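Student: I would like to go through this structure with you. May I begin with the backbone and then turn to strands and domains?

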Amino acid sequence: MAYEDILAAVDAVRLMDSVRAICTGERLSNEAEVRSFDVLEKLFTDAGCRVTREALPGYVSTPEGAAFEAGGIAYEVLTHPMTPSADGLEADLVYVPVDRTGSASAEEVSGRIVLTDGLAMEPVVRALEDRGAAGVVFITGEEIHNMIVSRVWGSPTPETLHDYVGIPVASLSFGDGSRLRARLSEAGGTLPARLSTRVESRWTEIPVITAEIRGADEDFVMVTGHVDSWGLGALDNASGNACAVELARILAPLASDMRRSVRFVLWSGHSHGRYAGSTAWCDAHFEELERHCLLNVNSDCLGGHGATVMTESPAMASTRGLARTALREAAGVTDWRGCRFSRSCDQSFWGAGVPSIFSQVSEQPPFEGAAADAFGKMFGSGRTGGFGAWWHTRTDTPDKLDPENLARDVRVFASVLAHALFDERLPVDAAAEVLELRDELKAWQEKAGDSLDLSEVLARLDLLAEALKAAARSDDPKRFEKRSRRVLSEIIPLAYVEGSVYSHDEALRAPPVPMLRLVDELATLSGHERNAALVSLRRVVNRLKAGAARALDVARA
């Protein structure tokens, strides 16, 4: 089958049928979630896949209810996972703009419930907790948005067991929040308030389903996504699950022509476990991922009504060329800019050195209105309006999807897989990843000045890029593919991982080459503290040199 035929086989009606079948209810480690996994097992089996199910240990948290009143008036609120329960917390309510939460004085917020703006975000809660706040209430969009308030990526370890926030958190709608701010202003800045929240946090078994189509080689591409949801979760993420099923239906009859295998891996524990499902699956399959996984294609939040921005989706340097090709072939996008992956999107496989492409491929245009400020704090770039006002709300129902947009987005994923599975040369550019790392290190070197010497690392990366180019000319395609995979298993952790490759960094924004983030603090340090920071940075340089040297040995072998 020609690549054009693979794209043309994507069916909008069939996709929407799958979405509706998967939307069994709010899927948060409950019976509705079990039913969705049963549906997916049947759909993948009917498509011709080899299907397995796993139950992996994980820590999840579900909001069970909340109540909030201020100045004698009750407001509808939601509470959030990974926050403590509170039974009738009584305190004065004060308003602090979100851009002042990090600088508010303890006198201003201590012992008080703080009303602030935007989606419920852990760094904001943490800043207010550190200043003595008793609780936090966020003003979100027209509907109240569910969020998870945690910096712990996946299930906790002894080192992170106590890294959760310690004060109750809730959110209310933009309309109620605006009226409450006005009341606070009229009352001189404070109102008596009462906040109650119920959150159940527990260890459980997280389901994972894997549907495999075996090609000519044991090395595999994986298409990943989460099944758990807020509300019916049609956009987030029945759309991504339906994408996986549709791709399986199209590709299974072509297995004999596939040069590489494909696995569709779907899990729970994303929305209410802070990526606990993907981390547990990584931990259970780490060695196999490191040796044999060629590419992670994450599928999330596809096909929304009005989702016309297709220039901002994430990719790594090694997958940017593939992203451009897929978006051009499948959707006619010629001005894709893309962005670097952040600590989100179930990106739990960097330690294993797995190259990644996409999560969403379409977003809403920038907009004004009730949720604009909330989404701006979350999505940041200002070039998109996020995933729609229904994202993470009870209104995320199948009618929020545009069938043609969904088919368009799925065709982009179909193009990625058509090239990744059938091309003689895997379209993943290890040399581009090396050169991006080199450029990021040059930027860090400029910041650090004479305090740090990255020259040896930079020299090795230049040699590595040249060695890869030479190997591309001399190797047969399969040998070069395996060589590139081993190089990327060294380079991606250097570019993306701060701690151990076998652990998982915090779910917070991180700069490129996060292990060098201390460089940004050098200008503010002196004496004993500066010397201690330099000791740490010299060890980081050793880690960078060793990784570059191992990769260079592979490229020259």
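Student: Where does Asn237 lie?

Tutor: Asn237 lies in helix α7, residues 234-251. Helices (H or I, at least four residues) and strands (E, at least two) are DSSP runs, numbered from the N terminus. This is a predicted model, in which local features need pLDDT of at least 70 and side-chain atom pairs count only at pLDDT 80 or more, while totals for chains, interfaces and linings use all residues. Residues are numbered from 1 along each chain as its sequence is written, and side-chain values use heavy atoms, with hydrogens and water left out.

Student: Which kind of peptide bond joins Asp236 and Asn237, cis or trans?

Tutor: That bond is cis, with omega at about 15°.

Student: And what is phi of Arg274?

Tutor: Phi of Arg274 is near 50°, a positive value in a residue other than glycine. Arg274 is placed in the loop between β10 and α8.

Student: Now the strands. How do β1 and β8 pair?

Tutor: Strand β1 (residues 50-70) pairs with β8 in the antiparallel sense, over 20 bridges. Two strands are said to pair if DSSP finds at least two bridges between them. Within this pairing, Arg198 of β8 is the bridge partner of Gly65.

Student: Which sense does the pairing of β4 with β8 take, parallel or antiparallel?

Tutor: Antiparallel: β4 (residues 86-95) and β8 (residues 191-213) share six bridges. Ala86 has Thr197 in β8 as its bridge partner, and Leu93 stands opposite Leu191 in β8.

Student: What about β4 and β5?

Tutor: Those two strands run parallel, and three bridges join β4 to β5 (residues 113-117).

Student: How many bridges link β8 and β10?

Tutor: There are six, in the antiparallel sense, with β10 spanning residues 261-267. Ala211 stands opposite Phe264 in β10.

Student: Let us change topic. What are the domains?

Tutor: The assignment gives domain 1 (3-59 + 203-273 + 280-362 + 392-422), domain 2 (62-200) and domain 3 (430-556). These bounds come from an automatic or database domain assignment.

Student: How far apart are the C-alpha centres of domain 1 and domain 3?

Tutor: They lie 29 Å apart. In contact (heavy atoms within 4.5 Å) are 24 residues of domain 1 and 25 residues of domain 3.

Student: How much area do domain 1 and domain 3 bury between them?

Tutor: About 2100 Å², 52% of it on carbon and sulfur atoms. Buried area is the accessible area (1.4 Å probe) that two parts lose on being put together, summed over both.

Student: How many salt bridges are counted between domain 1 and domain 3?

Tutor: The count is three, where a salt bridge is a side-chain nitrogen of Lys or Arg within 4 Å of a carboxyl oxygen of Asp or Glu. Separately, Lys482 forms a salt bridge with Asp219, with the closest N and O atoms 2.8 Å apart.

Student: Which elements give two or more residues to the side of domain 1 that touches domain 3?

Tutor: They are α8 (276-284), α9 (286-292) and β11 (293-298). Of these, α9 gives the most, with four residues.
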